[in-house]
Amino acid sequence: MRDLRDFIAAIDERGQLRRVSGVNLELEVGGLSEMVRRDDLSTALLFEEFDDTAPGTRLMTNVLDTPTQVTLALGYEPTSDIREAVVAHKDQLSETETQPFEVVDDGPVFENVQRGDDVDLTDFPAPLWTKHDGGRYIGTADAVITRHAETGALNVGTYRVQVHGPKTATLNIEPGRDAGVHENSFFERDEPFPVAVSLGHHPDIFMAGNARLPADVDELEYVSARRDEPLEVVRGEATDLPIPARSELVIEGHIHPDDPERITEGPFAEFTGYYGKGETNQRPLTIERIYFRDAPIVTGYNNVPMSAGAMSAVRSAPKLWHQLEEAGIGGITGVNTILPGVMFQAISIDQQYAGHSTQVATAAMSLPAGSWEGRYTVVVDDDIDVFDKDEVLWAMTSRVEPSEDFQIITDCVGSKINPRIPPEQKAEGDLTISRAIIDATIPYHWKDEFPKDTKIDPELETELRAKYGDQVFEPET
Ligand SMILES: Cc1cc2nc3c(=O)[nH]c(=O)nc-3n(C[C@H](O)[C@H](O)[C@H](O)COP(=O)(O)O)c2cc1C
């Protein structure tokens with residue numbers, strides 16, 4: 001599978017693609033995408049035929065909502081089971097494995113080129129995703145390609161891109177991101193910062209862009225290694241940056257250190273389900289080239305309150321699981337991040353000694369993969385399926401004595417997007433938050449006396465399904 005079009009064919013074949021035409025980019029695209037995720041419709045949406053963009057331009061959303069889509073994108077055996085998707089990625093997770101990409105002279109992304117006066121970003125679909133967004137966002141599942149001025153190290157990251165005019169956009173780069181380091185490396189030399197942004201591509205490029213890989217890993221080389229095939233790239237005319245040759249749409253330009261202009265970026269509907277960060281002032285990205293395939297498809301990813309989608313779990317849970325195991329902690333049987341990011345971590349263990357559950361929880365909330373913007377770390381026994389919210393809630397009620405099993409840790413890592421940090425605290429630059437550990441395991445020292453649960457035996461369940469399936473579970477209508 002070499003590009004987005006191959007991926008679309010693969011999900012279409014599995015009944016996970018719906019084409020929708022004539023939809024308005026003002027709120028309708030965002031609204032439908034949110035409803036499809038929230039209602040678990042297990043389908044991506046390919047929006048076609050907009051009124052106010054260049055003819056033929058398209059936009060795709062809900063691209064990685066299901067385990068099937070995520071496993072197909074990552075080249076694993078396709079599965080509709082989220083646990084299997086998380087385990088597949090955990091077993092293959094190697095964040096440092098890379099393979100050189102291949103520079104080629106030409107590729108489909110060069111089918112159409114806008115230069116000089118022709119450059120017009122408003123030709124392409126950029127939705128107003130939710131009602132209080134500060135403007136139209138074209139980059140939500142993007143891949144922002146940058147390099148370090150001194151070392152030449154390359155990075156690909158997902159940073160949202162807001163459209164401000166035909167030749168002007170902004171990037172939202174949070175503190176500490178590799179692209180921010182790259183930007184400073186150019187600004188320190190008083191040189192413009194070169195940027196290329198792929199706005200539509202195979203979803204493995206998007207996943208690599210937001211995977212928080214180590215700074216010395218080039219995500220284009222990481223994608224090549226994951227595919228076991230060099231990713232073909234072309235060189236951008238304006239920046240010489242490598243651009244995936246089969247991308248759908250790419251913008252290229254510079255951010256100038258001496259640009260006196262500041263543009264208001266945001267607010268934007270964030271993964272917490274709020275507009276927590278609000279507005280900031282950004283230097284403009286001046287667009288010098290736009291490259292696109294015939295009938296280009298922009299890829300979009302909108303955050304949906306209360307719903308994570310498969311990508312979020314596959315992006316966060318395997319990494320945390322992996323880091324817990326690498327830390328040498330045994331007995332871990334499942335890790336899930338139930339809400340987007342690591343806001344709600346659920347970890348199951350085969351309890352092996354007194355204090356095991358607290359050790360796991362404190363590690364999970366402190367390791368790099370579990371620390372940023374987390375709220376609850378819940379540890380359950382291994383008879384609880386962490387991929388089933390109902391089971392986790394049942395353990396949190398039936399196996400927890402709140403006065404004993406809750407621990408609150410203060411001064412943890414939060415961020416500007418946190419809706420619950422009071423404005424005065426944010427103004428002082430204090431972005432710390434507290435976190436709760438909930439030990440929902442059966443108390444270790446009297447586990448043998450804990451009442452037996454009443455769950456049906458798995459053998460009886462299998463037997464009854466086989467015996468009465470057609471009468472009770474899948475009756476013919
Ligand atoms: C859908 C989505 C949107 C994101 N938007 C942003 C963003 O606007 N700004 C940002 O700094 N990080 C954003 N992130 C997180 C970064 O992409 C992620 O931390 C990435 O690994 C950063 O890479 P870097 O450290 O190599 O720069 C987003 C992640 C996802 C999944």
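β12 and β13 run antiparallel and are joined by 3 bridges. Strands here are DSSP runs of E, at least two residues long, and helices are runs of H or I, at least four, all numbered from the N terminus. Within this pair, Val234 stands opposite Ile243 in β13.

Before I go on, this is a predicted model: local features need pLDDT of at least 70, side-chain atom pairs count only at pLDDT 80 or more, and totals for chains, interfaces and linings use all residues. Residue numbers start from 1 along each chain as its sequence is written.

Back to the sheet. It is open, has 3 strands in the order β4-β12-β13, and its pairing is mixed; two strands pair if DSSP finds at least two bridges between them. β4 (102-103) and β13 are the edge strands with a single partner each, so one side of each has no neighbour in the sheet.

Which elements do the buried residues of α7 pack against? They pack against β8, α6 (203-209), β12 (232-235) and β13 (242-244). Contact means C-beta atoms, placed from the backbone, within 7 Å. The buried residues of α7, which spans residues 219-227, are Glu219, Leu220, Glu221, Tyr222, Val223 and Ser224. Buried means 20 or more other C-beta atoms within 10 Å of the residue's own. After α7 comes Asp228, with a positive phi near 60 degrees.

β8 also brings us to the ligand. The ligand is surrounded by 17 residues, the closest being Gly157, Thr158, Glu174, Arg177 and Asn210; the cut-off is a C-beta atom within 6 Å. β8 (154-157) and α5 (178-187) are the elements that give two or more residues to this shell. By type, the shell has 5 nonpolar, 7 polar and 5 charged residues. Nonpolar covers Ala, Val, Leu, Ile, Met, Phe, Trp, Tyr, Cys and Pro, charged covers Asp, Glu, Lys and Arg, and the others, Gly among them, are polar.

Now the whole chain. The domain assignment gives domain 1 (4-11 + 23-35 + 51-60 + 95-299) and domain 2 (310-460). Their centres, taken over C-alpha atoms, are 34 Å apart. In contact are 9 residues of domain 1 and 8 residues of domain 2. On the domain 1 side, these are 4 nonpolar, 3 polar and 2 charged.

Last, Ile347. Not counting residues up to four places away in sequence, Ile347 touches Ile332, Gly334, Val335, Val360, Ala364, Val379 and Val386.

Definitions and conventions. A residue is buried if 20 or more other C-beta atoms lie within 10 Å of its own, exposed if 12 or fewer, and partly exposed in between; C-beta atoms are placed from the backbone. Two residues are in contact if their C-beta atoms, placed from the backbone, lie within 7 Å. Domain bounds come from an automatic or database domain assignment.
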